[in-house]
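Me: Could you walk me through this model and tell me what lies behind the labels you use?
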Amino acid sequence: MNIDELLRGYDTGNLAIGTLASHSALQIMHGAKKEGFTTILVALRDRAWFYRDFDHLIDLIIEVNSWRDICKPEIVEELRGYNTILVPHGSFVEYVGLECGESINVPLFGTRSLLRVEADQKLKMLLLMKAGIPTPRVYELSDDVRGPVIVKLPGAKGGKGYFIASSNSEIEAKLRKYIEDGLLRSPREAIIQEYIVGVTAYFHYFYSPVLNRLELLGADIRYESDVDGLRRLPVGILEELGIDPTFTVVGNLPLVLRESLLPKIIEYGRRFVDASRGMVSPGVIGPFCLESVIDRELNVKVFEFSGRIVAGTNLYIDGSPYSYLYWDQPVSMGRRIAIEVRLALEKGLLEKIVT
Ligand code: AMP
């Protein structure tokens, strides 16, 4: 597949911005409409009714029976027929599958090869380490674990099944149980990370190849069940009930950071952009998120990243305090993507922002 060739076949005066009807789709549609693009959603047949309520934002809904249908030749043809640039989001990575996501013959906003890194927990941590961004210590099963640690299951959705432990024997017993229950194939698949005591904070960045500028457009906190609910219970009861905390994301809460933390956070974002160039070509483009815990000494430790738009940006469809500083108008991440497409079009740099 040659994206430059695909772009040459496009009527760039009539571009459409498209995405899957899930995750941050409404925000992406809203932003694209604001910037004057045609908007297209690919929706599951039984969910399309919900998106029709927003038909003032969406010019066309293409209905499919399964997410993977987006890679069917007739859907790809249709998307290309409308000169579509597809915006990948969390559901794109999760539901469409890597094979289809990597090979779909439609220009993607952002860096296609980052999808593979995103799908591999070990590669992810490697990229963060190469960037020189502080991360929690990672343990092997053979290491002498000095807790607390958080044990993560591969491909877990929204933190389901994660647990906190403080010794090797505790980890081994729990993993054995997971294997018996069919949740895990081998203990080696689990990721054991130092548990950082502090508050979680997720930073929403946008790297613009057109302006050669990194913008911090917002931050959020994930609202997780039931870790965030447990503090409502008296401590003694927790032990009595024997509850294992889970980290299933339910929603997102807005966060404004101490201004004195901003230089460090922007510095980590810059390091991420630089390091990404050494790992994927041409490096990160557009939205990404560093996911951190900030401790009492204000150390920021990054335990995860997303190489695309995150759902926490849905908080700021009307702009965030930070995006307002850069743009002096309400700019969401979805709109920022559309602005980048418009700027790239104006400067004849479209090939710099799609892969
Ligand atoms: P993840 O799937 O890696 O995004 O983690 C899910 C949740 O687990 C996060 O939102 C945090 O609340 C928590 N978490 C993950 N890693 C750590 C860590 N190293 N220290 C403390 N909390 C963590």
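Predicted model: local features only at pLDDT ≥ 70, side-chain atom pairs only at ≥ 80, totals over all residues.
**Behind the labels**

Me: What makes β12 and β13 paired strands?

Reply: Two strands pair if there are at least two bridges between them. Strand β12 (residues 286-294) is joined to β13 by six bridges, so the pair meets that cut-off. The two run antiparallel, and C289 has S306 in β13 as its bridge partner.

Me: Why are β11 and β13 said to stand at the edges?

Reply: The open sheet has five strands, in the order β11-β10-β9-β12-β13, with antiparallel pairing. Because β11 (247-254) and β13 (300-306) each have a single partner strand, one side of each is left without a neighbour in the sheet. From one strand to the next, the twist averages 35 degrees.

Me: Which strands does helix α14 lie across?

Reply: Helix α14 (residues 333-346) lies across β9 (199-208), β10 (213-226) and β12, at about 15 degrees to β9.

Me: What makes K122 a lining residue of the second largest pocket?

Reply: Lining residues have an atom within 4 Å of a point of the pocket. K122 is among the 14 residues of that lining, so K122 meets the cut-off. With V138, Y139, E140 and A190, K122 lies nearest the pocket's centre. The space in this pocket is about 210 Å³.

Me: Where does the largest share of that lining come from?

Reply: From α8, with four residues. Domain 2 (119-134 + 197-328) and domain 3 (138-194) each give at least three residues to the lining. By kind, nine lining residues are nonpolar, two polar and three charged.

Terms used:
Residues numbered from 1 in each chain as written. Heavy atoms only, no water. Axes fitted to C-alpha atoms, helices over the stretch in contact; angles between N-to-C directions. Contact = heavy atoms within 4.5 Å. 1 Å grid on protein atoms, 1.4 Å probe; cavity = no way out; pocket = protein on both sides within 12 Å on 5 of 7 lines; lining within 4 Å. Points joined across faces, edges and corners; volume = space filled by probe spheres on them. Nonpolar A, V, L, I, M, F, W, Y, C, P; charged D, E, K, R; others polar. Domains from an automatic or database assignment.
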